[in-house]
Amino acid sequence: PVASEDQRFCLREVLDTFRLSLSEKKEVYLEHYVAGWRGLVKFLNSLGSVFSFISKDAVNKIQILVSYLNGENGSQYVTVQSMVKYELENDFVDQTKRGSHPESGCRTLLRLHRALRWLELFLERLRTSTEDSKTSVMCAEAYNESLAQYHPWVIRKAAGMAFCVLPGRSAFFEVMNVGPPEQVVAMLGEALPLISEVYQITEDLYTQHNLLNLP
Ligand code: 1PX
């Protein structure tokens, strides 16, 4: 299986990128954060084209952040902390309504950050699920508790329809490419604290700078 390994989604890879995204000083490296999302998008794409309206939006946001990272001021974007500082100090963030900076790094990352909360809730449900649990229900519950509040009706509707065609729990676990269910559960137990920590650090930073409602 060595040859196919890098094309297939593997939860372990995603776990590693989120681990790498935490610096010793508990800052979040944007490069690895974005790589984590790339891995998740890969997973989503392997579930079929029904999900492409979701992965397209995620890819678009990933690309915006990557273009800052690779741009002439890339050194300001090494961590989420430095990005926030740089964009705020230079007035590059539309604070209350969309204006001349509709694609700031801060507002773009906020969308992914909100989706990370969905992921945390969904993975926790998966981890504690039983054989007869439905992925579609777990996914919808996690969504309704998090991202849904930021989405207009049409998006909520479309998302709800996509959830319905999610593969069942055992097929879903297989796509995760970790091994037997016990191993998936163990890996989720390892992944969740990391994802939670990355989420919480970003949440605290955004709270501190009053950035949680950026347009
Ligand atoms: C091991 C399991 C891993 C599962 C991985 C699945 C990865 C999912 C990646 C979802 C990324 C979603 C980003 C959404 C960002 C967002 O909220 N964008 C909206 C606002 O952006 P704007 O620029 O207009 O302010 C935008 O309107 C979004 C449109 C697309 C629809 C988003 C629906 C999100 C549903 C999330 C659940 C994904 C279901 C995956 C099932 C496994």
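Guide: Happy to. From the N terminus on, the elements of the protein run α-α-α-α-α-α-α-α-α. Helices (H or I, at least four residues) and strands (E, at least two) are DSSP runs, numbered from the N terminus. This is a predicted model, where local features need pLDDT of at least 70 and side-chain atom pairs count only at pLDDT 80 or more, while totals for chains, interfaces and linings use all residues. Residues are numbered from 1 along each chain as its sequence is written, and side-chain values use heavy atoms, with hydrogens and water left out.

Visitor: How many helices and strands does the protein have?
Guide: There are 9 helices and 0 strands.

Visitor: And what radius of gyration does the protein have?
Guide: The protein has 17 Å, which agrees with the value near 17 Å for a compact globule of 215 residues. That radius is taken over C-alpha atoms, and the globule rule is 2.2 Å times the number of residues to the power 0.38. Along the principal axes, the C-alpha atoms fill a box of roughly 50 × 40 × 30 Å.

Visitor: What share of the residues is buried?
Guide: Of the 215 residues, 45% are buried. Buried means under 20% relative accessible area, exposed over 50%, and partly exposed in between (1.4 Å probe, protein chains only).

Visitor: Which residues touch the most other members of the largest nonpolar core?
Guide: Met83, Met176 and Tyr206 do, in a core of 67 residues. A nonpolar core is a set of buried Ala, Val, Leu, Ile, Met, Phe, Trp, Tyr and Cys residues joined through side-chain atoms within 4.5 Å.

Visitor: Let's stay with methionine 83. Where does it lie?
Guide: Methionine 83 lies in helix α4, residues 80–89. It counts as buried because its relative accessible area is 0%. Leaving aside neighbours within four places in sequence, its contacts (heavy atoms within 4.5 Å) include Leu30, Leu65, Cys106, Leu109 and Tyr206.

Visitor: How far is methionine 83 from serine 49?
Guide: Their C-alpha atoms are separated by 33 Å, and the two residues are 34 apart along the chain.

Visitor: Switching topic: is threonine 202 buried or exposed?
Guide: Threonine 202 counts as buried, because its relative accessibility is 2%. This residue has its place in helix α9, residues 181–208. Leaving aside neighbours within four places in sequence, threonine 202 is in contact with Val28, Leu109 and His113.

Visitor: Last one: what about contacts across the chain as a whole?
Guide: Among contacts between residues at least 6 apart in sequence, 69% join residues at least 24 apart.
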